[in-house]
Amino acid sequence: MQIVSQVIFLLAVVGGIGLFVRRLSGIRKNILLGKEADYSDNPSERWKNVFLLAFGQKKMFRNPFVAVLHFFVYAGFIIINIEILEIILDGVLGTHRLFAPALGGLYHFLIDAFEILALLVIVSCAIFLARRNIIKLRRFISKDLDGWPRSDANYILITEIILMLLFLTMNATDYSLQAKGYGSYAAQPVGPFIISGKLAPLFSGMQEQSLVIIERSCWWLHILGILAFMNYLPYSKHLHIILAFPNAYYARLKPKGEMNNMPAVQNEVLYAMQPELAPADATPPSHFGAKDVSDLSWRNLLDAYSCTECGRCSAACPATTTGKLLSPRKIMMATRDRLEEVGKNIQKNGSFQEDGKSLLYDYITPEELRACTTCNACVEECPVSISPLEIILELRRSLIMEESNAPQEWNAMFNNIENNYAPWQFSPEDRGNWAKE
Amino acid sequence: MNVPFMSELFARQENPDILFWVGCAGSFDQRAQKITKAFVSILNKVQIKFAILGKEEACTGDPARRAGNEFLFQMMAYQNIQTLNHYGIKKIVTACPHCFNIIKNEYPALGGSYEIIHHSVFLQQLIDEGKIRMKEGGSFKGKKITYHDSCYLGRANNIYEAPRKVLEALDAELVEMKHCRSRGMCCGAGGAQMWKEEEKGSIRINQKRTLEAIETGAGIVAAACPYCNTMLMDGLKSQEKEGEMDVLDIAELVNASME
């Protein structure tokens, strides 16, 4: 019997991790559909960002209350999961609390610490659920999240609460069984632990058999739940717990005001002005800006997968908050949705088969793009270093340069700049007239 | 008002200490011309040897680039960099955050590297160096002033304190709006919005921002960008508050307070 359970356990762990790795490599492939961009400079500054922005969650602390709760969930989840190591080894070896004898007092301290964190995770997640569903913060009831994204957020919070409850219940029943001097539990006396010890009396009236069933069920559900949750992650907004780290490493280090240069256009203009510099084989660029996800850089696509749909960007966006169609969060969600669609298309057909769709128009409309004031509020707010602005500007480039799709007033402004060297219709000769008045 | 042109200095084989990049708004917009003149008046008073390009200056290309017209931007950038390099310009000051941003961050990759300074930082330096001295009991002493952060100074280039330090030198009471510094709310003009009708929504961006300014109870909104200035003034007019509140550039405030 024991060996059967060990084999089932091993299959579950290997299968769970295998599926997870396969999905991650699929996401990596999707991200690499983006155009090349160099973010390898200044590694020391980049590592600093990983520590400050990802580990330290610096941007989250713009709102300290939420930041502290979020930190509990994050620290709780990461640290408690150290305990998985013991669970996995116990499962494979058929042991029970393998580390307890070797660690002695330290073991007790560690589990106590994990239990306190587990309680903090439960409390924090409950507050987060309330913020979304009872208090209904504006950024959480936005139409951006209608449908699956809103459920996704709730599923994540509920799952985290359940996983923590399983952990505490497991410890409580374990202790109850020890108190009753039952079998292998009594042979391995641990506890009472700080939180589950208080829960143990709830179980004292129960039969040993029932307690064993509860303890074992919690143990199995805890580890299977974690494996399942791990595989849910990469299909959900919760992927940020992994991608926040590379996204912080590859954070944009240049000033936010700087737009990406287009060397191809720079050279076109240079060769037009100074034809003697043009190489004989100079070919004009094939297209400009981004119409679909593959025209964006891999950096933009990493952003799309890193977005956790928190909506801080849209809450700060002057367009969103004045009722315009644009929402920077939706820009990121649309980019990810389109990228997933393109990825599936490639997986199915071997290479991308034209599907008559594109990021521009089918996912993001010109009206949204035209509402942006390039104020960088969205970029400033993002806790995980995403730039919705860069995507907006690349799509604008495609609209204007590929299709000459501009509002009349912009065409007039372009004409004025071209002919009068100013966006208004004044003679360039008069530019210094104010000085003579 | 003494405004030397770069071409004249060049003909006399002279170099200015600094080139004043006036920008399109500062050159042509009637309201912004007043800011330009106030800044020139300061430069004259502190006897800084400066020059302007006059008709040789062209749009930096900022609205074209942000609208998506990279070709037009590159053409303007090429032309301006040719002019600036021809005159061997090393140091530039401008009162426009958009010109400042593009010359500072985007011209270097195109062969135009200069030391560029926004007038808010420039004025702060002159105050710190004691070159600008305020009148005793200046006209803004004790008055409530709120400062509106320009996106292209603030978030774009992390300049939050210099304009505030300039205002503090006026002995004014500086009050902050609900959204300020890195959380400052856009006036609605950036990203080439200045040149088109706003997309449809529930309220105009400049009106929403103006309401925040009115809420402070300040008598003056200080701006450091000609476009913010226009947008906020329009916002005040829409609220029929233009009699109670004024939008002034920090250069105008300093010029009016100087000895």
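**A tour of two contact surfaces**

Begin by selecting chains A and B together in this predicted model: 57 residues of chain B are in contact with 54 residues of chain A.

Next, keep the side of chain B that touches chain A and colour its helices. Those that each supply at least two residues are helix 2 (23–28), helix 3 (30–45), helix 4 (62–67), helix 5 (70–86), helix 6 (97–106), helix 8 (154–157) and helix 10 (205–215) of chain B. Now select helix 5 of chain B, which gives the most to this side, with seven residues. Colouring by residue class then shows 26 nonpolar, 17 polar and 14 charged residues on the side of chain B that touches chain A.

Hide chain B and turn to chain A. Select domain 1 of chain A as 2–21 + 41–48 + 57–249, and domain 2 of chain A as 288–403. Taken over C-alpha atoms, the centres of these two domains of chain A are separated by 34 Å. Where the domains touch, 19 residues of domain 1 of chain A are in contact with 19 residues of domain 2 of chain A.

Stay on the side of domain 1 of chain A that touches domain 2 of chain A. The elements giving two or more residues to this side are helix 7 (138–141) and helix 12 (240–249) of chain A. Select helix 12 of chain A next: with six residues, helix 12 gives the most to this side of domain 1.

Notes. Residues numbered from 1 in each chain as written. Chains lettered and ligands numbered in written order. Predicted model: local features only at pLDDT ≥ 70, side-chain atom pairs only at ≥ 80, totals over all residues. Domains from an automatic or database assignment. Contact = placed C-beta atoms within 7 Å. Helix = DSSP H or I, 4+ residues; strand = E, 2+ residues; numbered from the N terminus. Nonpolar A, V, L, I, M, F, W, Y, C, P; charged D, E, K, R; others polar.
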